[in-house]
Amino acid sequence: LTSPVTTTAPSESIWRSEVVRTIPVVACWGLSRLAVLSVAVTTVGRLRRSLMGDVRLYRLWAHQLAHRGVRASDHRWQYPAGAALVFRGIGAVSGYFPLAFIVAMTACDALILVLLLTTPGRRGIHGAWYWVAALPLLGPISWFRFDLVPTACAVAAVRFGARRWLAGALIGLGIGVKLWPMGLLAGLPRRAYVAVVPAVLVGTALALNPWGDPTLFLHNQDSRGLQVESVLATPWIIGQALGRPMHHASSFGSQQLLIATRGISALSIATTIAGLLAIQLAVRRTSWPAAWPAAVFCSVLVLMVTSRVLSPQFMVWALGLAAATIANGRRSDRHRAHLLLVLAVLTQVVFPFAYSQYLGGSAPVAAVLAVRNLSLLGLTIWCLVDLFRLTRTASPATAAP
C-alpha cells in the first residue's frame, strides 16, 4: 500500500507566503526608525532646537489644555479642536511629554504600515516598501510633528475606499485634527459626504469646554502671511538664489515674507478651489473606486502648491498618500511617487540641516529650495493631466454620483 500524500491547503500556503514577504518589510521599518530616531534624539545645538521646538510647544499646549485651555492670545494655535485631544491625550499618558509624543507618532507610522500591508492584492507590499523608505528620506521631522495623525486617517480612507461611508468618516476624523484632509473630499462622491460631518462634529464636541474656543484656529490661520518655503514664494526664493536678499520675520510660528499678502491670499484661494474642482470634475467622469487613489494624491498636491504655507512636515501628507496610491492604484503611479522621494530628500537638505543658512541669505540653499518647489509644481500638473487621461474614456453610465 502506498502512503497518502499530504498536501498543504492553498489558504495556508498563501498565508505563509505573505508572512515571508512581510517579515523583511517590518524588519527594515523597525531598523530604519531606530536608526533615524536614535541620531535625532542625541543631536545638540541648533539642529536639536529646530527639531524639538514644536514638541516643546505641544507640551505647553497639553499643560494648558489640562487646566484652562489654550490662551486666546496664542496665535500659534492653528488647528481644529481634535488636535487638542491628541496633545492632551499624549500628555495624560506620560509625565515626559517628548518621549510620549515620539512614541505616539511612531505608533501612527506603524499603523500606516499595517494599512498598506493589509491592502488586498499584491501591490500592498510595494506601498509598504515605499513607506519604509519615505520617512527616513524626509528626516526626523516626520516624527517630531503630529502630521502622521491626519495622514494615518487619510491612508485608511484610501485603504477602505470601496466603502464610501467609511472613507468619508475617516476623512472627517482627519479634518478634526488638521484641515488639509478636507481637500480629499474633491475625490469623494457627494453621497459619502454625510459620513464626514458626524466625525468632525464628534471630535469638536469632545474638545469643547473646558479646553478653550474651538474656532480660535480659523482666525489664526486666516491671519498668516506667505511662508518663506512655500511654492507661492518661489519668485522671491529664486531672487535670493540670484543674489537679491529676501526680507522675512518670524510670525505665527513660522518665517514669513515681509510683503503685502492680500493679492497672494486671493490667488491662493482661487487656485486651490480651481484645482479641487478640476479633480471633482475628473472623478465624476469615471467609476469612483478606480479614480479614488489618484484623485486623493492629486488633491493633497494641489493643497500643498497653492497654500501660503508649506512647512517641511507637510511632505508627510504626500508621502503617505503616494504609498497608498501605489498600494491601491495603477503601476504607472510609481513614477510620480518616486519623484516625490527625491523632493523629500531636497526638503531635508533645506530643513533642518541648512535652514539657518537659508534664512541668512544663502544662494545655494535657495536654489535647492527653488528646484524642490518647481518640481513639486510640475509633479502636481503631471498628476492632474494623468487623472484626466484616466477618466477621459469613462462611460457616463459609470460616473460616480
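Which residues does Trp 131 touch, not counting residues up to four places away in sequence?

Mentor: Bear in mind that the model is predicted. Leaving out residues up to four places away in sequence, Trp 131 touches Arg 33, Asp 109, Ile 112, Leu 113, Leu 116, Leu 148, Val 316, Leu 319, Gly 320 and Ala 323.

Leu 319 lies in helix H13, which covers residues 315-328. Along the chain, Leu 319 and Trp 131 are 188 residues apart, yet their C-alpha atoms are separated by 7.3 Å. Leu 319 counts as buried because its relative accessibility is 0%, and the limit for buried is under 20%. Apart from residues up to four places away in sequence, Leu 319 touches Tyr 130, Trp 131, Ala 134, Leu 135, Leu 138, Leu 340, Leu 341 and Ala 344.

These contacts belong to a wider picture. The largest nonpolar core has 120 residues, and those that touch the most other members are Phe 87, Tyr 130, Trp 131, Leu 319 and Leu 340. Helix H12 supplies the largest share of this core, with 12 residues. In soluble globular proteins, nonpolar side chains tend to be buried together.

By class, the lining of the second largest cavity comprises 5 nonpolar, 1 polar and 4 charged residues.

Arg 159 is buried, since its relative accessible area of 18% falls under 20%. Beyond its neighbours within four places in sequence, Arg 159 is in contact with Leu 115, Thr 118, Thr 119, Pro 120 and Asn 328.

Last, the cysteines. A search of the whole structure finds 0 disulfides. Cys 108 is in none, and the nearest cysteine sulfur, that of Cys 153, is 8.1 Å away, whereas a disulfide needs sulfur atoms within 2.5 Å. Cys 108 counts as buried at 15% relative accessibility, while Cys 28, at 35%, counts as partly exposed.

Note on methods
Residues numbered from 1 in each chain as written. Predicted model: local features only at pLDDT ≥ 70, side-chain atom pairs only at ≥ 80, totals over all residues. Heavy atoms only, no water. Buried < 20%, exposed > 50% of the residue type's maximum accessible area, 1.4 Å probe, protein only. Contact = heavy atoms within 4.5 Å. Nonpolar A, V, L, I, M, F, W, Y, C, P; charged D, E, K, R; others polar. Core = buried A, V, L, I, M, F, W, Y, C linked by side-chain atoms within 4.5 Å. Helix = DSSP H or I, 4+ residues; strand = E, 2+ residues; numbered from the N terminus.
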